[in-house]
Amino acid sequence: MIKILDSLNEELYRYKVYALLIFIGMITLLAWQSDDSYHAYIMAKNLVDGNGFVYNIGQRATASSCPLFTLVVAAGYFVIRDMFFVSLLINIIFSSIAFKMLIWDYCRTKRQIIFCLAVLLGSVSFMSYTTSGLENSMLFFLGACFMKIYFGHERYDRKTLLIMALLVSLIAMTRMDAVLIFAPMAVYAYISKRDGFSFARSVGPGILGLLPFILWELFATFYYGFPFPNTAYAKLGTDFALREYVVRGIRYYLNAAVCDPIILIVPVFAVIAAMSVKKAQYIACMTGPVIYGLYLLYIGGDFMMGRHFTVSFFISVICYMDIKNREFSELGRGAGLHRSFVAAAVAALIFGTTSNVITDQFLFGRTFGSPISDERAGYFTSSSLFNNVSSLISTGELGIRYTWREDGVDELRENGMAGGILDSVPGITKYYNNDLYLNDLYALGDPYLAHLPAVKEQGWRIGHMWREAPAGYRNLVRYGWDSGAIINEDARQYYEIIDEITRGKLFDADRIMKVININLGRYDHLIDNYKATLDENNRQIITEEDSDDHLAGND
């Protein structure tokens, strides 16, 4: 009997190893870089090169929404001075460890291994963001670590609660809004499942575990002047009606349902399974993805197909497998639900592979440049690991360097300018021209434009809400940093405040007071006054009297 068990365990171990090797092979073969990832790479490179943890040299502003992941990339770049390869290596390592934890901790049979491998490989979005250069892979890894702690205990001692709080802190530093997925589980553990000690005695470990995030927020507010990434202000501080975000959020769900249905089906069945066993631990687990799903409606989803569903999807796979192993097996129930889940998953995988035929008939689209697009499909030719290795072998350089035309940048160089505000500056373009001060009207790295109202136009794309530069602002950047170039007085005063916060001496008392005041909203009246001079779409109104001044200030 012992020999038979040993043989079965050895065979199961081989299946796990095979599954892991297949997974690593697939994500490596499909590895690619998104343009957005280069906004973080610029900051990582600047930090390593001694220019500060900034987007543009000389201005304390961030264009990264994932500070911890950016710091990890910086550490990798410090050792291996090749951003393209080291960042993908980091992605592959994080995603592979997360998958290994799923297979080793939650798969007890060969069928379960095959099922999990097929479900993950079958999601276009999940496979896309195992790499991409974005922070998803680190969230998969941290999420797997959190779930191991969460499902590894029926009750939690103070040390375990400390580790749990630390993981929440690291997740928040990786991507702040991802905490919504894990917060219900942490609250459940701290309130309901303490191992024989009072809630008061759990507060200390909780605060200690959250300390890294608290310290980061204090640093960010002091250093950059704001507690949240500049990208958050640029994408959410638009002055657009909430209903317009919700409509785009609904489209984001519809796009996933058509293009990658498995990424929605798994969380749905995990919620059903959690409710069916009526166990608080599982209900708390799946409450997070539900809350995060509502949050996605609130922020309008994303322009990257399925990207923001991937972490909830991965956590749902873990939750479902734990329910199946511990509850369905022990109680002898759940077989019907599991059969339905498998059938739905198979149908979703089949449908997802054939949906290209009808996707582009919908408003949200799928092709590159659509309101919601398959970014990997759009960038793969120029930014994939496979194609860039081929380019390196044949030409001696990476093909990703030539992803975008750089006419605007070339014009700045030809005219001897130190920088400019262009209509669009892709992250890859900025990375390879980091000696110039470059920002664009989308304001991801511009701490001034990010706080101004965005232009309202029909069919605006989530994540790409542009601002019209106040008259004179472009010339201010092109020809010198004299705030007098900005014509509107309120816009000029607000710029001067931002300029002192992001360029002034860090410990200057006046700067620190401005940091406090701007976060308390005491300068909002300047934006309101400036907005009052705009039309209903937040475009500047140019009268015949001041048209010459306007053109001179924003040519």
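So, the lining of the largest pocket: by class there are 16 nonpolar, nine polar and seven charged residues. For the classes, Ala, Val, Leu, Ile, Met, Phe, Trp, Tyr, Cys and Pro count as nonpolar, Asp, Glu, Lys and Arg as charged, and the others, Gly among them, as polar. By pocket I mean, on a 1 Å grid over the protein atoms alone, an open set of points where a 1.4 Å probe fits, with protein on both sides within 12 Å along at least five of seven lines; lining residues have an atom within 4 Å of a point.

Bear in mind this is a predicted model: local features need pLDDT of at least 70, side-chain atom pairs count only at pLDDT 80 or more, and totals for chains, interfaces and linings use all residues. Numbering runs from 1 along each chain as its sequence is written, and side-chain values use heavy atoms, leaving out hydrogens and water.

Back to that pocket. It holds about 650 Å³ of space, volume being the space filled by probe spheres set on the points, which are joined across faces, edges and corners. Of its 32 lining residues, S65, R175, T231, A232 and K235 are the closest to the centre. Who gives the largest share of the lining? That's α11, with five residues. Helices here are DSSP runs (H or I, at least four residues), strands likewise (E, at least two), numbered from the N terminus.

The second largest pocket comes in at about 420 Å³. Among its 25 lining residues, D35, D36, Y379, S424 and H464 lie nearest the centre. Here β2 provides the largest share, three residues.
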